[in-house]
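Subject: Predicted two-chain model, handover and notes

Hello,

Please find the structure below, followed by notes on what was found in it.

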Amino acid sequence: MVKIEVLGSGCANCQRLEALAREAVAKLGVQAEVAHVTDIKEIMARGVMATPGLAVNGKVVSKGRVPSAAELEILIADASEL
Amino acid sequence: MFFWHNTSANDDMVTQPVACVATSAKPGDRIKARRPPLPLWVALAAAALVWVMAYLVLHPIANALTYDLLRLSRDGHLGSAVNFFLYDTPKVLLLLTGIVFLMGIIRTFFSPESTRRLLGGRREGVGNVAAAGLGIVTPFCSCSAVPLFIGFVEAGVPLGVTFSFLVSAPMVNEVAIVLLFGLFGWKTAALYVGLGLAIAIVAGWVIGRLRLERYVEPFVYEIAVGQLDATESLSWSDRTARGIQAERDIVGRVWPFVVAGIAVGAAIHGYVPQDAMASIMGKGAWWSVPAAVLLGVPMYSNAAGILPVIEALIDKGAALGTALAFMMAVVALSFPEMIILRRVLRWQLIAVFIGVVAAGIMLVGFVFNLVF
């Protein structure tokens, strides 16, 4: 079970990242849970200063940008193998 | 490693190169290329060559299309408008493509975290100058103004220094610079950058002097910020991929505005009589600068679409200072950003922020109109 969290307060890019992450999960067919963290205190506590942030299994892997679909697939596929 | 990848879904742009590693590698195992691989440089050099050649043939092609293919008169309204459109549209889009890519790569060397570290504990004055300068190269989106603001406060960046960053980052951006360069020439672009930085520095300094910390929402000071490390190690192919992503994000977003703006500009260029704007937007009308700023503040962001129109207005006698003030007000002060900042700032501080920046922009407009 891969835990994917989008860290961002509902900005357009945050929504786009969440949609891309869901697409990647569907395409890979892995067991995953996609959550959207909007609480600014939580976002800051995770060390994200530029939204959207992306955390996979609790580890922040990208900040302030929307990774490409290919990059997301690699990140998620790697996490599901561990 | 570097390969071409066909993107799916709504990516209707060109095929997008993506830098990545083989799927079996772990996330941390990115190949660190000390020296960039040769093929990447070859590809970049070839792209640069194509770019330069395209730029050189723009004018002859626009002329050939307008006057030979469409057989329009060189002196007529329609010919003038069509030629303007056929030359300016590809020129501005080409410039935009080149600069956005370069800025995308330059920005990979900066991050909000490294800027925060550079500015943390720096005193005002020097800090305002550094913040304004870093505002140009640090990746920033007004949508993440809140976490950035909190991060800066937590690192001990003075309030005024933070504002210098928040003014400079949206105002001095590559889209505005490219449009000014493409449509008005390098002197206007340089003046815009210089004056934009000056406003950011002075406005931030003034806000710092006013000691308005009490108008920052108290919860900002209580937030515990996690580990903010920016030790992302990127290879050159990663950086190139980021540049191309910036291309898709920025050029993909603004090109319709650029085309529409130039189309309107072309119509004005061809049809509105010379000096029609002189009486209402010319140097003689002192009130035109504050009016332009008041009009520009509630408008948001589409500098890309608005600038070609301004160019045509100037062509017909509107003063450059007035036009620049309008553009700065549109770009630097945006209603959505104020709504976002309201979550961390009381409205009194937001009002002071808008007031100080608007005053600075007006001053620039007046001085500009007096000097030129």
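A crossing of two helices is left-handed if the near helix is turned anticlockwise from the far one by less than a right angle, and right-handed if it is turned clockwise. Helices (H or I, at least four residues) and strands (E, at least two) are DSSP runs, numbered from the N terminus.

This is a predicted model, in which local features need pLDDT of at least 70 and side-chain atom pairs count only at pLDDT 80 or more, while totals for chains, interfaces and linings use all residues. Residues are numbered from 1 along each chain as its sequence is written, and chains are lettered from A and ligands numbered from 1 in the order in which they are written.

Chain B contains 16 helices and two strands. Of its 372 residues, 41% are buried (20 or more other C-beta atoms within 10 Å of the residue's own; exposed means 12 or fewer, partly exposed is in between, and C-beta atoms are placed from the backbone). Contacts require C-beta atoms, placed from the backbone, within 7 Å. Among contacts in chain B between residues at least 6 apart in sequence, 85% join residues at least 24 apart.

Two helix pairs are described here. Axes are lines fitted to C-alpha atoms, for helices over the stretch in contact, and angles run from 0 to 180 degrees between N-to-C directions. Angles under 35 degrees count as roughly parallel, over 145 as roughly antiparallel, 65 to 115 as roughly perpendicular and the rest as oblique.

Helix α8 (residues 186-209) of chain B packs against helix α16 (residues 347-371) of chain B at about 140°, the axes being 9 Å apart. The angle therefore makes α8(B) oblique to α16(B). The crossing of α8(B) past α16(B) is right-handed. On the α8(B) side the contact involves B:Leu195, B:Ile199, B:Val202, B:Ala203, B:Val206 and B:Ile207, and on the α16(B) side B:Val352, B:Phe353, B:Val356, B:Val357, B:Gly360, B:Ile361 and B:Val364. By class, this contact of α8(B) with α16(B) has 12 nonpolar residues, one polar and no charged. For the classes, Ala, Val, Leu, Ile, Met, Phe, Trp, Tyr, Cys and Pro count as nonpolar, Asp, Glu, Lys and Arg as charged, and the others, Gly among them, as polar.

In the second pair, helix α12 (residues 288-296) and helix α14 (residues 320-332) of chain B pack at about 20°, with axes 7 Å apart. α12(B) and α14(B) are therefore roughly parallel, and their crossing is right-handed. Residues of α12(B) in the contact include B:Val289, B:Ala292 and B:Val293, and those of α14(B) include B:Ala325, B:Phe326 and B:Ala329. The contact of α12(B) with α14(B) divides into eight nonpolar, four polar and no charged residues.

The sheet in chain A

Chain A has an open sheet of four strands with mixed pairing, in the order β2-β1-β3-β4. Strands pair if DSSP finds at least two bridges between them. β2 (32-37) and β4 of chain A are the edge strands, each pairing on one side only. Strand β1 (residues 2-7) of chain A is antiparallel to β3(A), over four bridges, and A:Val6 stands opposite A:Leu54 in β3(A). α1(A) packs on the sheet, where it touches β1, β2 and β3 of chain A. α3(A) also packs on the sheet and touches β1, β2, β3 and β4 of chain A.

Strands β3 (residues 53-56) and β4 (residues 59-62) of chain A run antiparallel and are joined by three bridges, with A:Lys59 as the bridge partner of A:Val56. β3(A) and β4(A) form a hairpin with two residues between them.

Backbone points to check

Most residues other than glycine have a negative phi, and most peptide bonds are trans. A:Asn57, in the loop between β3 and β4 of chain A, has a positive phi near 50°. With 17 C-beta neighbours inside 10 Å, A:Asn57 counts as partly exposed. B:Arg211 also has a positive phi, about 50°, and counts as exposed with 10 C-beta neighbours inside 10 Å. The peptide bond from A:Thr51 to A:Pro52 is cis, with omega near -5°; A:Pro52 is in the loop between α2 and β3 of chain A.

The A-B contact

The contact between the chains takes 26 residues from chain A and 28 from chain B. α3(A) gives the most to the chain A side, with seven residues. That side divides into 15 nonpolar, six polar and five charged residues.

Regards

Note on methods
Contact = placed C-beta atoms within 7 Å.
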